[in-house]
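I opened this entry to record what I looked up, in the order in which I looked it up.

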Amino acid sequence: MARLIGEVILDLQNVSLSFGGVNALVDISFDVREHEVRAIIGPNGAGKSSMLNVINGVYRPQAGEIILRGEHFRQMNPYKAACAGIARTFQNIALFKGMSVLDNIMTGRNLKMKANIFQQAFWMGAAQREELEHRAKVEEIIDFLEIQHIRKTPVGRLPYGLQKRVDLARALAMEPQILLLDEPMAGMNIEEKQDMSRFILDVNDQMGTTIVLIEHDMGVVMDVSDRVVVLDYGKKIGDGSPDEVRGNPEVISAYLGASH
Amino acid sequence: MIYRENGQFKTSYAADQQIFPILQDRWAILGILVFAFVAVPLLADEYMFRAILIPFLILSLAALGVNLLVGYCGQITLGAGAFMAVGAYAAYNFFIRVDGMPLIGALLLGGFTSAAVGVVFGVPSLRVRGLYLAVATLAAQFFWDWAFLRIKWFTNYSSSGSVSVSNLSLFGFPVESPTEKYLFCLAVLVVFALLAKNMTRGAIGRQWMAIRDMDVAAEVIGIRPMYAKLSAFAVSSFFLGVAGGLWGFVHLGAWEPAAFSLDRSFQLLFMVIIGGLGSIMGSFFGAAFIVILPIFLNQMLPWLGDLVGVSISTAGVSHAEIMIFGALIVFFLIVEPHGIARLWSTAKEKLRLWPFPH
């Protein structure tokens, strides 16, 4: 099925972010179109993760604007971002260690569960119904990511690669429109990377989810992404299709340190 | 060999989500309930009820409340005793000032008052965490200790500062004899334990645990830390308030603020740490450990002394009791920092395979 890349869904304009005297992001603008896979690349410390944190409101930029489906935001906050359908995974896995895989993924359904605390305490009415409905949805995601065998295991006991997958599952449980993936393949071996790439493409293809991806593995980035933004020391130095970016002299010098 | 779920297949999510998914567990719990409701009242004597069983039941309820907040939501509190006091005094005031207020109504209103107070004193948790939060909740303890001692309205201007209730009854049945009090406390505890279990296995429990385990990720998923933390404070204080009411009304009958001092707060915190943070079962284990062990040592030491030909004085016994108790707590925390509940679940894991480990 050919994916139809749609209109601009998320537009960042002149975003600047600094921590004290350190300028993490300087005047960065780029947009993300619906249904595309948009990669953000750059050397360590380039401000890639900060960029994602700005998009879903963990960091508040000092300047700039975030336009989400035509709605202008000066800053986001995590709750607003989650309500607006933005989900993310984390570079250093941020799963809930004391909970089972199933419970971790169920937390992703949190925003869709409306039963009040009394219904929950008595396990009646809406509470009971919701637990069953959302469990069914969560099981679909578990099937999709092929983690049926570990659904009752506490996540702390899982190997790294599977934890990354559970992290993705939890984000998918939100049924997001925009999915931010922060180095989903860091520290994985080749098979795990292949699996993860397949899942990411499947999510994009079958669910139509727009994906913003940070990744260091250039092979993966060039294969899966539609457009690439390149950051270096908080500045944007390249933007375009993978091929354009690959040919960009500034990008080459940032990555390879070419002599001037 | 007997304890295993072989052949018990779940065909619906409802069956998979029940509290005790394993058949043997369901029978065991049923057995324990029947034993507690039918056999214990026939077997136990008055001393057992007064000194061991009733305190155990009420402190289990309080420990459950503390565990919801500390174990499930990860917010440390040193004000548990204060919330018990608020529950007890609020229930007392509702009981004497409102004509015809039934016992259960007063206890529940005491719980709700305590919940409201808990929310107020939980507000610092939005900004501070860990030890700093513990110190902030300590303020609740000092404030309410002071308030119930100095503000005479709370104690209905009684000259001694001590308050008392009598003629307790429930739907026309008296709650006066030790057996009746025991059954009443047991019924309350069973209901509240069920409520606690339902909350912790449902959406609100997952919110609490998410905040405990990784608050940034929880926020990103759309959990509001304010709602999650304050609801944990409210529910926890509600449990503590009802437990405080029971402690005052049913166990003590007449009490003064010292009944809910800082010692009580520490005792409850020790219970959940020793019993197992984040475990309903652990709250019971912790309460049993802290309530029963000192009494057990008290009885055992003179007997042991006689055995080796040494007579121990009463004072010596109570000193030794405290020392051994302290040593046991330290030993226990080193051997199993996750509490008795973890030992219990490890034992269950082992039992599932025994005697054929492969």
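I note that the model is predicted.

I next looked up the secondary structure of chain A and found ten helices and ten strands. The radius of gyration of chain A is 19 Å, close to the 18 Å that the globule rule gives for 260 residues, so chain A is as compact as a globular protein of that length. I also took the extent of its C-alpha trace, which spans about 70 × 40 × 40 Å along the principal axes. Of the 260 residues in chain A, 43% are buried.

I then turned to the domains. Chain A is divided into domain 1, made of 1-85 and 176-260, and domain 2, made of 96-174. Over C-alpha atoms, the centres of these two domains of chain A are separated by 27 Å. I looked up where they meet: eleven residues of domain 1 of chain A are in contact with nine residues of domain 2 of chain A. On the domain 1 side, α2 (78-83) and α7 (190-206) of chain A each supply at least two residues. The largest share of that side, four residues, comes from α7(A).

My next entry concerns the two chains. I found 26 residues of chain B in contact with 33 residues of chain A. On the chain B side, the elements giving two or more residues are α1 (13-16), α7 (178-201), α8 (203-213) and α9 (215-220) of chain B. Of these, α8(B) gives the most, with eight residues. The residues of this side of chain B divide into 14 nonpolar, seven polar and five charged.

Which residues touch the most other members of the largest nonpolar core? I found L61(B), A62(B) and L246(B), in a core of 167 residues. Domain 1 and domain 2 of chain A both give residues to this core, so the core lies between them. In soluble globular proteins, nonpolar side chains tend to be buried together.

Leaving out residues up to four places away in sequence, L61(B) touches V188(B), L189(B), F192(B), F239(B), V242(B), A243(B) and L246(B).

Technical notes: Residues are numbered from 1 along each chain as its sequence is written. Chains are lettered from A and ligands numbered from 1 in the order in which they are written. This is a predicted model: local features need pLDDT of at least 70, side-chain atom pairs count only at pLDDT 80 or more; totals for chains, interfaces and linings use all residues. Two residues are in contact if their C-beta atoms, placed from the backbone, lie within 7 Å. Ala, Val, Leu, Ile, Met, Phe, Trp, Tyr, Cys and Pro count as nonpolar, Asp, Glu, Lys and Arg as charged, and the others, Gly among them, as polar. Domain bounds come from an automatic or database domain assignment. The radius of gyration is taken over C-alpha atoms; the globule rule is 2.2 Å times the number of residues to the power 0.38. A residue is buried if 20 or more other C-beta atoms lie within 10 Å of its own, exposed if 12 or fewer, and partly exposed in between; C-beta atoms are placed from the backbone. A nonpolar core is a set of buried Ala, Val, Leu, Ile, Met, Phe, Trp, Tyr and Cys residues joined through C-beta atoms within 7 Å.
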